[in-house]
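Subject: Structure handover

Hello,

Please find the structure below, followed by notes on what was found in it. The terms are given with their cut-offs where they come up.

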Amino acid sequence: QLRCLATMVTLQGIPKDLDSYPRDLLLFISPSDYAATGSCWQYFSNIGKANLDVLQRESSQRKQLLLEALACLKIPDTQINEENAEVLGRLVCDLSGEYIRSSGGILLKQLKQCESFLPEQEEAIRSVISSGNTKYGPPSTWSASTLNELSGLIPVFGHSILQKVPK
């Protein structure tokens, strides 16, 4: 339905008020088409807030969106800073474990919004959390509020991390 709506909306060209349309619709409009009304940064900032699960997890379209976002933000390697993590939003759910490890705890805020993870992503999240080199510190210093903040990631932690959390 969204793909059909995107086609209908763009029949007469890209509307100037594209930002006023639902963000999920933007998933079906290419960044180059959007460029006529705004910057790629603005496009991916909107995409990062869209419901990416409208697209199948490993779909070529979703992979292409991530590649184009990384290029737009000029991310040269696997390390993502806080500002770019904010722009990527839910697109971080598709980043490989290498990005998660290289970026340390920067991506945790966005990752906790993800519906599911691939095994390599789970391993990377556990590695980052276990290191204690995040704003949350080592699991042995966590409180109930820390667990509350990380609630979306708790299923990924596993016994080895959870046993270190004080009762």
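Helices (H or I, at least four residues) and strands (E, at least two) are taken here as DSSP runs, numbered from the N terminus. On that basis the protein chain reads α-α-α-α-α-α-α-α-α-α-α-α from the N terminus on, with 12 helices and zero strands.

This is a predicted model, in which local features need pLDDT of at least 70 and side-chain atom pairs count only at pLDDT 80 or more, while totals for chains, interfaces and linings use all residues. Residues are numbered from 1 along each chain as its sequence is written, and side-chain values use heavy atoms, with hydrogens and water left out.

Overall figures. Along the principal axes, the C-alpha atoms of the protein chain fill a box of roughly 60 × 30 × 25 Å. The chain has 167 residues, of which 43% count as buried (buried is under 20% relative accessible area, exposed over 50%, partly exposed in between; 1.4 Å probe, protein chains only). Among contacts in the protein chain with a separation of 6 or more, 49% are between residues 24 or more positions apart (contact: heavy atoms within 4.5 Å).

Largest pocket. A pocket is an open set of points on a 1 Å grid over the protein atoms alone, where a 1.4 Å probe fits, with protein on both sides within 12 Å along at least five of seven lines; lining residues have an atom within 4 Å of a point. The volume of the largest pocket is about 200 Å³ (the space filled by probe spheres set on the points, which are joined across faces, edges and corners). Its lining includes E82, E86, K109 and Y136. Two or more lining residues come from each of α6 (82-88) and α8 (108-111).

K109. This residue is found in helix α8 and is partly exposed, at 46% relative accessible area. The side chains of K109 and E86 make a polar contact (2.9 Å); that term means a pair of N or O atoms within 3.5 Å, where within protein one must be able to donate a hydrogen and the other to accept it, and residues adjacent in sequence count only if both atoms are side-chain atoms.

D94. This residue sits in the loop between α6 and α7 (97-102). D94 counts as buried because its relative accessibility is 18%. Its side chain makes a polar contact with the side chain of R62 (2.7 Å).

Regards
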